Amino acid sequence: MTEQISLRDTVVPAPSPRLGEGARRASDDASGSRRSGATPAEAPAWLQIAPFAAIFVLFFLVPLGLTVMVSFWDYNEYQILPAFTVRSYVEIFEGCFVKLPELCVTFKTYLSTLKFCLSVWLITLVIGFFIAYFLAFYVRSTAVQVALFLICTIPFWTSNIIRTISWIPLLGRNGLINSTLVRIGAIHQPIEWLIYSDFSVIMSLVHLYTLFMIVPIFNSMMRIDRALVEAAYDGGASGWQTLWNVIIPLSKPGIVIGSIFVVTIVMGDFVTVGVMGGQQIASVGKVINTQMTALQFPPAAANSVILLIAVLFVIWGLTRMVDIRKEL
Amino acid sequence: MPKTTRPAGLTRRSVVKGAGAAATAGAITGFPAVHAQEPKVLRYLGTAVNQSSAIAKKVKEDTGITIEYVPVTTDEVTKRVITQPNSFDIVDEEYFQLRKVVPSGNLLGMDARRIKYADKITPIFTKGELPNGKKIGDQGTAPKKVFYLEGQTSKTFSAQPTEWITLIPTVYNADTLGIRPDLIGRPIESWKELLNPEFKGKAALLNIPSIGIMDAALVVEAMGLHTYADKGNMTKAEIDLTMKVMTDAKKSGQFRAFWQDFNESVNLMASGEVVIQSMWSPAVTAVRSKGIACTYQPLKEGYRAWAAGFGAPRTLSGRKADLAYEFINWFLDGWAGAFLNRQGYYSAVLETAKSKMEPYEWAYWMEGKPAEKDIMSPDGTLLEKAGVVRDGGSYEQRMGSVVCWNSVMDENDYLVKKWNEFIAA
């Protein structure tokens, strides 16, 4: 956890040395009332981050604090009772450790979510990396790059629900793929697992989130000094050697940022898993959703806190691999 | 305030419809003298299924009341009533949810003396029997158990009739399994068919724990595995047993999918992914209106029923309360009842609805007789050709075969846990 704290400390932007006339006047007013001992030169920087900090505190830290608080409250059928209890946490992990190696619901659900997370991450990484590579190194004209990027965003032109429901006519028992395969004689019975299966969930998630991998990797690749590629070539490196020893190391920040996007979204997703899995596949988000609709806010909050910790762990692991701050 | 900007737009429309009084009020807003004629607006919280624009339009014509729909899902209604009781003026919710809502104290008893047709409300609600006196099943949260409050602000139900009613009934129905007769090709008579291996990978169940488990219980009972004292209020052991049967079926691949949203059930059925599933009446109609055969199959074990009604938030008073009562009285006056009956639901005051329906419509929808003429939906699309008989027959046959009602169990907390296990299995 010390790593986390140091990360946060350094993320805070250094005070800007530039001072506008208006800002300087404002800083004089502000510094008079502050006791923190900050020099007047720091004040404008504080003012500059104030609006965002306020939004961050109001709409992120406060709700997060409330969630943590409620997760330790008690509840009944229709209300939450402000009395400290660890009931929700105890119930979430009920029988989880005594029954091992048999998995309890919570572990099963997390395992399932992690499985999707890992597969989707791997697939989007490979696909996203090569699409970004193509866009960055093979497409020369900016106009074509922009056009191709727009094509990548097509999956987002409709609502999430419509996007997922529309898979049925394609992948269903009587869908396009099955009926075509049957007609050309490739199969005799429709393939059942094209939809409402792990396969369809992973495919749908990959379809949706590859873009989140493409954009940051592309961004990293565009910053790579082309002279380095030439130098590698001049030094006698093969295409794969250049890719492995030059391009990939320099694309790491993009890869990590893209991975963070994909991992956090997939960990929390329950709509896609629900619709594409025929509601038969568990996800942490769905458990939270079910508890919310049953007005069981404390266990829902406790599950959210556990999910948050799990996601933070994954991100912590990713940032261990690459020092994003240094690379940016 | 957004409300002050609204009357302008509405006023223009009102003029077109000839509602002159409202127009005048809108035009001279700001004068204290005309405060009494402020636009009549009611914020109506409920599920989208019940919030018809045709009803809102007709109310406006008849009474000048503008209905502002706040559409949310079934579970969300309860959440809103409990967490944001000031965000609506009238709520349309199901009786089974009252066991959560009433103890929270956020609902105000409706004054029976201000409801014109209070004593004409069908005895299904007040006594748990048909108009002809036949008792019907009362397992689960039957409306008669939660119909009266001890006092207007009481948090407990009264077993005896009082003048304080929890919800003024609007609509109710009897639910059963929907099937694709063309793909099944043989008669279906029992709930146990849902788990028949013949339909492996082609069955579906709804993914709302409190309702899904009751359908499951009907199946378990039909299979002869267990007889419940009350399917709507199981013991922990009964929940375990029911979920075990369903979990085994799930693991063996019986279910193609679970559905949560009405439209999902329509898609599953229409695409042929599923041939037998728990379903709601309008979903069956939606599949049929695509020209696909779908039957709302009456089963020998009976139906699971539900009922909804209008309630008032704790804060309702004064002019808003007057408007709410005016609207409810309009609702029970027949037009809305006829509208609902024509959708295959049932209305709370039968005689007023009958007066607003054609005799052949009443005969088809309520008496279970073959349609004399083509049956049209309220919006004018063809529902059934002449000669067809309604699935399940007459009102007495359908409502008379109800065995249990949607409910919230005492062990609801445990049920939700078990349901999450079931989904994860």
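Strand 1 of chain B, residues 40-47, pairs with strand 2 of chain B, residues 65-72. The pairing is parallel and runs over eight bridges. This is a predicted model, so please keep that in mind throughout. To find your place in the pair, take B:Gly46, which stands opposite B:Pro71 in strand 2 of chain B. Between the two strands the chain passes through helix 3 of chain B, residues 53-63. That β-α-β crossover is right-handed.

Next, a sheet in chain B. Five strands form an open sheet in the order 13-12-14-11-15, and the pairing is mixed. Which strands stand at the edges? They are strand 13 and strand 15 of chain B, the latter at 295-297. Each has a single partner strand, so one side of each is left without a neighbour in the sheet. From one strand to the next, the twist averages 25°.

Inside that order, strand 12 of chain B, residues 203-206, pairs with strand 14 of chain B, residues 276-278. Their pairing is parallel, over two bridges. Here B:Ala203 stands opposite B:Ile276 in strand 14 of chain B.

Now two helices of chain B. Helix 8 covers residues 209-222 and helix 9 covers residues 236-251. Their axes come within 10 Å and cross at roughly 85°, which means that helix 8 of chain B is roughly perpendicular to helix 9 of chain B. From helix 8 of chain B, the contact uses B:Ile213, B:Ala216, B:Ala217 and B:Val220. Helix 9 of chain B brings B:Thr242, B:Val245 and B:Met246. By class, that contact has six nonpolar residues, one polar and no charged.

On to the two chains together. How many residues of chain B are in contact with chain A? There are 30, and they meet 25 residues of chain A. On the chain B side, helix 4 (74-83), helix 5 (98-104), strand 13 (255-259) and helix 17 (412-424) each supply at least two residues. Helix 17 of chain B gives the most, with eight residues. By class, this side of chain B has 12 nonpolar, 10 polar and eight charged residues.

Last, confidence in chain A. Its pLDDT averages 83, and 86% of the residues score at least 70. Within chain A, helix 5, residues 105-138, is highest with a mean of 93, and helix 1, residues 2-11, is lowest at 38. Over residues 1-35 of chain A the pLDDT is below 50. Beyond near neighbours in sequence, that stretch has 28 contacts in the model. Where pLDDT is low, predicted coordinates should not be read in detail.

Methods. Residues are numbered from 1 along each chain as its sequence is written. Chains are lettered from A and ligands numbered from 1 in the order in which they are written. This is a predicted model: local features need pLDDT of at least 70, side-chain atom pairs count only at pLDDT 80 or more; totals for chains, interfaces and linings use all residues. pLDDT is the predictor's confidence in each residue, from 0 to 100. Helices (H or I, at least four residues) and strands (E, at least two) are DSSP runs, numbered from the N terminus. Two residues are in contact if their C-beta atoms, placed from the backbone, lie within 7 Å. Axes are lines fitted to C-alpha atoms, for helices over the stretch in contact, and angles run from 0 to 180 degrees between N-to-C directions. Angles under 35 degrees count as roughly parallel, over 145 as roughly antiparallel, 65 to 115 as roughly perpendicular and the rest as oblique. Ala, Val, Leu, Ile, Met, Phe, Trp, Tyr, Cys and Pro count as nonpolar, Asp, Glu, Lys and Arg as charged, and the others, Gly among them, as polar. Two strands pair if DSSP finds at least two bridges between them. A crossover is right-handed if, with the strands pointing away from the viewer, the path from the first strand over the helix to the second runs clockwise.
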